Each structure stands twice: as structure tokens, then as C-alpha cells.
Amino acid sequence: MIQAKDGRTLKFHIFRYNPQLEGDEPKMVTYEVKEAPGMTVFIALNEIREQQDRSLQYDFVCRAGICGSCGMIINGKPDLACRTLTSKFKNGEITLLPLPGFDLIGDLSVNTGTFNRAMSERVGTWIHDEQAAEKSLDELEERMDPDLADEIYELDRCIECGCCIAACATKRMRDDFLGAMGFMKVARFHMDSRDKRSDAAWYEIIGNDEGVFGCMTLLGCEDNCPKDLPHQTKIAFLRRKMVGVKV
């Protein structure tokens with residue numbers, strides 16, 4: 001650890017590779033940044049790009065742990081750069097890598113959009129009600145129990161950052177595995193009283209090794225979710241529901 005007059009000098013070891021640049025090769029590049037009070041990895045990356053290397057690629061939108069854009073591997077664990085304080089790394093050495101499991105755009109930037117769209121289409125992440133088209137626009141919305149609404153809201157806190165996918169060993173071995181993010185969406189719509197899909201219909205989506213029965217229960221999703229969502233509880237719930245389906 002290098003001590004500076006007003007704080008530490010952090011060493012960032014950052015993966016650099018631009019697949020669109022002909023002849024470029026993957027490499028690790030080290031940058032030094034003076035630590036400031038309350039500094040996050042995101043703030044440090046901004047400083048590096050503004051003062052040292054404007055070609056550095058990474059993603060961000062909200063800077064408040066809501067959009068999920070700045071997900072990356074930080075010292076070996078998937079997390080959000082905007083909510084990770086540099087002060088937690090006692091030796092001042094921070095290694096940054098892009099999230100695995102997604103197409104690399106460049107450096108720390110990955111394409112989660114293609115994955116999320118395919119997942120949404122596969123699961124059908126919208127209310128399914130065949131009678132909805134017959135309802136009048138003047139008709140009051142179906143009442144929902146407040147406790148149920150709270151449960152749905154809890155699952156809707158998923159920001160689709162991809163940390164659970166990056167931490168999933170099954171996903172690393174099976175590209176067709178739906179993953180914890182998809183299971184969270186299934187659990188959210190399964191408990192929604194407005195969605196009329198039956199357990200048999202859900203079985204067609206997740207009742208196989210590509211779905212909940214392919215999960216090895218290694219807890220990578222639960223351990224690395226930046227929103228502390230109950231992934232394993234909901235996966236277990238879906239498994240029980242799928243076991244009861246007569247096929």
C-alpha cells in the first residue's frame with residue numbers, strides 16, 4: 001500500500017481489450033488514483049478516463065445502484081462499481097474485469113441488453129390475461145391484497161445488472177440455462193394474481209434442466225446480488241411448483 005499525503009494511492013489493474021480494434025489483444029493495464037473520502041470504484045474510473053486514458057470503456061447511467069449498468073468483476077466478485085467503496089480494499093489494490101457470460105463491447109463494457117431481451121421474450125415478462133382485451137378502459141383495475149403487492153414489489157427490485165448470471169457456475173457451463181434473473185421474473189409473474197398462466201404453462205418454460213432443475217444450488221446468485229434478493233428461496237418455490245405439475 002502506497003500512502004499519499006491526503007490519502008492512499010490506489011492501484012487499479014483494469015482489463016483492456018477492444019474487439020472492434022483490429023490487432024488489439026487482451027491485456028491488464030495498471031492506473032494509479034489518489035483516494036478521496038467516500039470514493040467509489042465508479043468515481044475512480046471517471047477520474048482515470050478524464051485524466052489518464054479517455055479510451056477506457058465502461059458503462060453507467062444512474063450512478064445510484066438502480067440501473068445496473070456498471071456491473072463488473074471487482075477483485076474477483078461481481079458487483080456494481082457505483083456502490084463499491086474503495087475503502088473496503090485494505091491493500092489499495094483493485095482488479096477490474098468485465099462480467100462473464102455477456103458479449104464484450106470493450107474493456108469493462110458488456111452487452112447485457114441482448115441477454116435481457118432474450119430472457120424477457122423466453123419468460124414472457126408481461127401480464128398474460130386473454131380476457132384483458134375484452135375489458136373496458138373505464139373498468140377499475142383488479143384489486144390486489146397489499147401484502148401480495150409488497151411481495152411483488154420486492155421481486156421487482158431486480159435491476160437486471162447481470163451479477164447473478166456472472167456468478168452462476170451452471171450458466172458458465174450451459175448457455176441455454178435461464179439463470180437466476182429469469183427465475184426471479186418467473187416468480188414475480190407467478191405470484192401476480194392478474195397473470196392467468198397455469199403451473200403447466202410455466203412448466204413448459206422452466207420445468208427442465210434449462211430451467212429450475214438445472215440449478216446446482218451453489219448460491220452464487222444469492223451471494224452476489226447487489227439488491228440482496230431472495231434468489232434461492234424463489235428457485236426452491238418454483239421447483240416445488242414444477243414437481244407438482246402432471247405432464
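Guide: This is a predicted model. Start with phenylalanine 115, which has a relative accessible area of 16%.

Visitor: Why is phenylalanine 115 called buried?

Guide: Buried means under 20% relative accessible area. Phenylalanine 115 has 16%, so the label holds.

Visitor: What makes phenylalanine 102 and phenylalanine 115 an aromatic pair, and why is the pair called edge-to-face?

Guide: Ring centres must lie within 6.5 Å, and these are 5.3 Å apart. Edge-to-face needs planes over 60 degrees apart; here the angle is 85°. Both tests are passed.

Visitor: Which parts does that pair tie together?

Guide: Phenylalanine 102 is in the loop between β6 (93-97) and β7 (103-106), and phenylalanine 115 is in helix α2, so the pair ties together parts 13 residues apart in sequence. Phenylalanine 102 is buried too, with a relative accessible area of 10%.

Visitor: Why are phenylalanine 177 and phenylalanine 183 called edge-to-face?

Guide: Their planes are 75° apart, against a cut-off of over 60. The centres are 5.6 Å apart, within the 6.5 Å limit. Phenylalanine 177 is buried, at 2%. Phenylalanine 183 is also buried, at 2% relative accessibility.

Visitor: How do you know that lysine 234 lies over the face of phenylalanine 237?

Guide: The distance to the ring centre is 5.8 Å, and the limit is 6 Å. A charge must also be within 35 degrees of the ring normal.

Visitor: Where does the charged end of arginine 188 sit?

Guide: Over the ring of phenylalanine 189, 4.3 Å from its centre.

Key
Residues are numbered from 1 along each chain as its sequence is written. This is a predicted model: local features need pLDDT of at least 70, side-chain atom pairs count only at pLDDT 80 or more; totals for chains, interfaces and linings use all residues. Side-chain values use heavy atoms; hydrogens and water are left out. Rings of Phe, Tyr and Trp (its six-membered ring) pair if their centres lie within 6.5 Å; planes under 30 degrees apart count as stacked, over 60 as edge-to-face and the rest as tilted. Helices (H or I, at least four residues) and strands (E, at least two) are DSSP runs, numbered from the N terminus. Buried means under 20% relative accessible area, exposed over 50%, partly exposed in between (1.4 Å probe, protein chains only).
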